[in-house]
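Subject: Structure handover

Hello,

Here is the structure I said I would pass on.

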Protein chains: 2
Amino acid sequence: MSATPRIAAVDMTAPDSPGQRFEIPADRPLKLDSGVEFGPVTVAYRTYGAPNADKSNAILVCHALTGDQFVADTHPVTGKPGWWEAIVGPGKILDTDRYWIICANVLGGCMGSSGPKSIDPAIGKPYGLTFPVITIGDMVQAQARLLDHLGIGQLFCVIGGSMGGMQVLDWVSTYPERVFAAIPIATSYRHSAQNIAFHEVGRQAIMADPDWRGGDYLSAGTLPHRGLAVARMAAHVTYLSEQALHRKFGRRLQNRAALSYGFDADFQVESYLRHQGSTFVDRFDANSYLYITRAMDYFDLQAEHGGALPAAFEGTKTRFCVVSFTSDWLFPTSESRTLVHALNAVAANVSFVEIVSDKGHDAFLLDEPDLHNTLQGFLNGCAERRGLRGK
Amino acid sequence: MSATPRIAAVDMTAPDSPGQRFEIPADRPLKLDSGVEFGPVTVAYRTYGAPNADKSNAILVCHALTGDQFVADTHPVTGKPGWWEAIVGPGKILDTDRYWIICANVLGGCMGSSGPKSIDPAIGKPYGLTFPVITIGDMVQAQARLLDHLGIGQLFCVIGGSMGGMQVLDWVSTYPERVFAAIPIATSYRHSAQNIAFHEVGRQAIMADPDWRGGDYLSAGTLPHRGLAVARMAAHVTYLSEQALHRKFGRRLQNRAALSYGFDADFQVESYLRHQGSTFVDRFDANSYLYITRAMDYFDLQAEHGGALPAAFEGTKTRFCVVSFTSDWLFPTSESRTLVHALNAVAANVSFVEIVSDKGHDAFLLDEPDLHNTLQGFLNGCAERRGLRGK
């Protein structure tokens with residue numbers, strides 16, 4: 001694991017940090033699902049492309065648990081390409097020559113939006129665990145305030161995978177008039193018991209690290225990078241399918257001809273996982289990981305609507321494209337199918353595509369031609385309906 | 001998590017500890033797969049029932065990763081019933097009125113057999129990481145020496161689930177003349193990349209705990225119970241199916257009417273997992289967990305036979321009953337099927353039963369009528385062939 005965490009190498013809270021930022025003032029706070037009124041709040045975001053005359057070409061991209069607003073440009077901490085450059089850019093599926101793409105770091109995140117790593121202005125120290133527990137709905141509320149600020153009435157489209165898809169569903173449920181088209185990918189209307197269980201393992205790994213210090217590690221000058229790395233490793237296994245792990249690594253050995261009869265990383269899959277853990281701690285805040293996993297666990301659109309999922313979408317005019325992957329065992333097709341049945345029950349306009357892929361949950365981030373074709377077709381049709389010009 | 005680990009409450013290495021023990025002397029050491037010659041070695045075991053005149057009624061039960069020799073009587077540390085009392089006992093499927101049941105704590109274990117917790121006689125301190133890395137084959141070799149000691153030439157049957165099933169397969173491959181019937185349950189002929197990955201998460205969780213102290217915690221007077229609890233939690237999720245977690249817990253809250261908006265165990269599944277972690281550390285040694293998971297990762301009967309799995313069973317006369325469970329995603333039916341194809345390729349006598357169950361990998365330990373009927377039928381048929389009298 002990394003001996004020299006570099007999480008502070010780029011201070012995303014600094015005024016000159018990359019990207020744009022929007023401030024929700026303390027006198028117009030967010031009304032959180034917990035009942036807390038919370039402000040001031042910073043929303044850090046990135047835009048790609050440009051608005052058309054009536055700002056009807058805006059697409060909101062919602063990022064997943066460990067994603068951020070750097071969808072299509074170089075990540076300021078890792079130096080790696082944006083996480084969805086496969087589909088966002090000039091001439092690509094989310095065509096920045098045609099659409100105005102917006103992505104905000106979620107509330108609770110660690111890439112510039114207010115989160116547990118941020119300084120509590122009341123005391124001049126990081127919030128740590130005094131940051132309020134937030135929900136997917138709270139994240140969406142912060143995004144809605146950003147859209148108000150940007151002068152966007154109705155989004156042409158809101159799209160996202162995994163936790164991003166939860167935000168998509170919360171968007172259409174909470175602000176039905178503000179979403180023309182919605183694309184929830186590899187997601188669910190509520191987090192399953194198994195997924196809560198895996199998240200709890202990650203949280204316990206972080207909280208078991210003595211360097212976590214009850215959440216006050218930033219004040220203490222420590223970083224719980226061992227616990228966070230273990231949490232990331234556990235989660236990462238769930239993002240891949242058994243088939244993908246078998247294909248990529250199988251039982252192949254790492255830089256050796258024979259078993260070592262020791263506890264080094266004999267197998268490539270072990271080496272890969274350790275690498276995933278040690279690089280993650282360089283870019284992610286442990287407390288943000290606690291808060292964001294909690295928000296996902298709390299997500300249950302069905303319970304929020306008295307146990308009747310269709311009620312979440314009553315009267316919707318939004319066009320939906322629901323996408324799942326055959327080998328995604330974290331958000332299996334059965335959950336997307338339940339969602340589609342609920343949408344059908346309110347006579348919503350829904351396309352549902354289950355894509356054959358052996359890449360597991362992470363397929364939505366990868367070069368999946370069938371996904372790309374699906375998105376391209378759906379977006380083209382919606383753009384025509386919405387009267388958006390082509391290039 | 002447990003603040004007062006009680007792992008030393010019962011010293012299973014003490015001469016008066018429960019059960020029986022057999023010593024492999026230093027001058028007749030085990031020849032380990034690593035090339036190390038290792039001895040003296042203690043094998044702690046339990047027997048139930050009694051041998052018939054020619055000792056042809058012996059059944060060897062092989063335990064899983066965190067199991068032990070207390071198959072059918074009260075566990076000396078936890079005070080709980082034996083782990084397979086559902087099927088082992090008078091008049092039960094492994095009928096102790098008819099069969100002589102033997103179960104040994106595996107080499108590397110922590111319930112009395114030699115393992116990293118044992119005292120290295122050369123230095124008078126626990127082995128810790130100086131204990132040699134062992135394999136499934138080494139465990140089986142130690143069991144074979146125990147059978148020599150007990151005067152058992154051929155086992156009537158060898159049976160086990162999960163890692164116990166790996167031992168079953170190693171038995172018939174290494175000592176084909178010594179096994180009349182074999183019942184590998186919920187297992188595989190080699191550990192998959194995904195399973196290695198989950199094990200690696202657990203090992204990293206243990207080794208990330210500062211109280212692990214490079215494996216020397218017993219000498220240091222600490223116990224890495226936080227890391228071990230996280231390892232157990234991660235593993236435990238894999239032992240259950242999504243359906244079982246949903247049925248048992250769903251999204252039900254733990255002793256509360258509403259979400260707490262905090263990091264306590266809001267959900268029953270969180271509370272359950274935390275309990276699994278905290279009770280496990282009371283009965284299991286962290287270094288044993290490292291060694292035994294490593295042994296499972298190393299298991300690959302196909303690679304050991306030049307990439308041709310049928311060669312592992314060439315000429316076998318053993319009768320096989322291969323059992324898998326539909327909802328077991330850790331050792332899925334596809335792996336049992338590959339095993340059965342290999343057995344078919346050498347014209348072995350094989351029954352193969354995939355049991356419909358939503359209980360996941362742990363189904364083999366639970367009250368599963370279809371499993372019990374399958375075992376009963378197979379054992380009765382084999383007993384008749386072997387000329388064993390009924391009750």
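The notes below go through the domains, the pairing of the chains, the helix contacts and a few backbone details.

Please keep in mind that this is a predicted model.

Domains

Chain A splits into two domains: domain 1 covers 20-191 + 299-386, and domain 2 covers 196-292. Where the two touch, 27 residues of domain 1 of chain A are in contact with 20 residues of domain 2 of chain A. The domain 1 side of that contact in chain A consists of 12 nonpolar, 10 polar and 5 charged residues.

How the chains pair

Chain A can be superposed on chain B by a rotation of 180 degrees with 0.0 Å of shift along the axis, at an RMSD of 0.0 Å. This is the relation of a two-fold axis. Of the interface residues of chain A, 100% are also interface residues in chain B, so the copies meet through the same surface.

Chain A contributes 42 residues to the contact and chain B contributes 43 residues. On the chain A side, the elements that give two or more residues are helices H3 (193-208), H5 (225-239), H6 (242-248), H7 (268-280) and H8 (286-298). H3(A) supplies the largest share of that side, with 11 residues. By class, the side of chain A that touches chain B has 23 nonpolar, 8 polar and 11 charged residues.

Helix contacts between the chains

Which helix of chain B does H3(A) meet at roughly 170 degrees? The partner is H5(B), residues 225-239, and the two axes come within 9 Å. That angle makes H3(A) roughly antiparallel to H5(B). From H3(A), the contact uses A:Gln194, A:Ala197, A:Phe198, A:Val201, A:Gln204, A:Ala205 and A:Ala208. From H5(B), it uses B:Arg226, B:Gly227, B:Val230, B:Met233, B:Ala234 and B:Val237. These residues of H3(A) and H5(B) divide into 9 nonpolar, 3 polar and 1 charged.

The crossing of H7(A) and H3(B) is right-handed. On one side are A:Val269, A:Glu270 and A:Leu273 of H7(A), and on the other B:Ala193, B:Ile196, B:Ala197 and B:Glu200 of H3(B). The contact of H7(A) with H3(B) has 5 nonpolar, no polar and 2 charged residues.

A helix contact within chain B

H3(B), residues 193-208, also meets H8(B), residues 286-298; their axes come within 10 Å and cross at roughly 160 degrees. H3(B) and H8(B) are therefore roughly antiparallel to each other, and their crossing is left-handed. The H3(B) residues involved are B:Ile196, B:His199, B:Gly202, B:Arg203 and B:Ile206. They face B:Ala286, B:Tyr289, B:Leu290, B:Thr293, B:Met296 and B:Asp297 of H8(B). Sorted by class, the contact of H3(B) with H8(B) has 6 nonpolar, 3 polar and 2 charged residues. B:Ile196 is listed in this contact with H8(B) and also in the contact of H3(B) with H7(A).

Backbone details

Most residues other than glycine have a negative phi, and most peptide bonds are trans. The following places depart from that pattern.

- A:Gly39 and A:Pro40 are joined by a cis peptide bond, with omega about 5 degrees. A:Pro40 sits in the loop between strand S3 (37-38) and strand S4 (41-48) of chain A.
- In chain B, the peptide bond from B:Gly39 to B:Pro40 is cis, and its omega is near 0 degrees. B:Pro40 belongs to the loop between strand S3 (37-38) and strand S4 (41-48) of chain B.
- A:Ala186 is not a glycine, yet its phi is positive, at about 50 degrees. A:Ala186 lies in the loop that runs between strand S12 (179-185) and H3 of chain A.

Regards

Definitions and conventions. Residues are numbered from 1 along each chain as its sequence is written. Chains are lettered from A and ligands numbered from 1 in the order in which they are written. This is a predicted model: local features need pLDDT of at least 70, side-chain atom pairs count only at pLDDT 80 or more; totals for chains, interfaces and linings use all residues. Domain bounds come from an automatic or database domain assignment. Two residues are in contact if their C-beta atoms, placed from the backbone, lie within 7 Å. Ala, Val, Leu, Ile, Met, Phe, Trp, Tyr, Cys and Pro count as nonpolar, Asp, Glu, Lys and Arg as charged, and the others, Gly among them, as polar. Copies are superposed by least squares on the C-alpha atoms of residues with pLDDT of at least 70 in both. Axes are lines fitted to C-alpha atoms, for helices over the stretch in contact, and angles run from 0 to 180 degrees between N-to-C directions. Helices (H or I, at least four residues) and strands (E, at least two) are DSSP runs, numbered from the N terminus. Angles under 35 degrees count as roughly parallel, over 145 as roughly antiparallel, 65 to 115 as roughly perpendicular and the rest as oblique. A crossing is left-handed if the near helix is turned anticlockwise from the far one by less than a right angle, and right-handed if clockwise.
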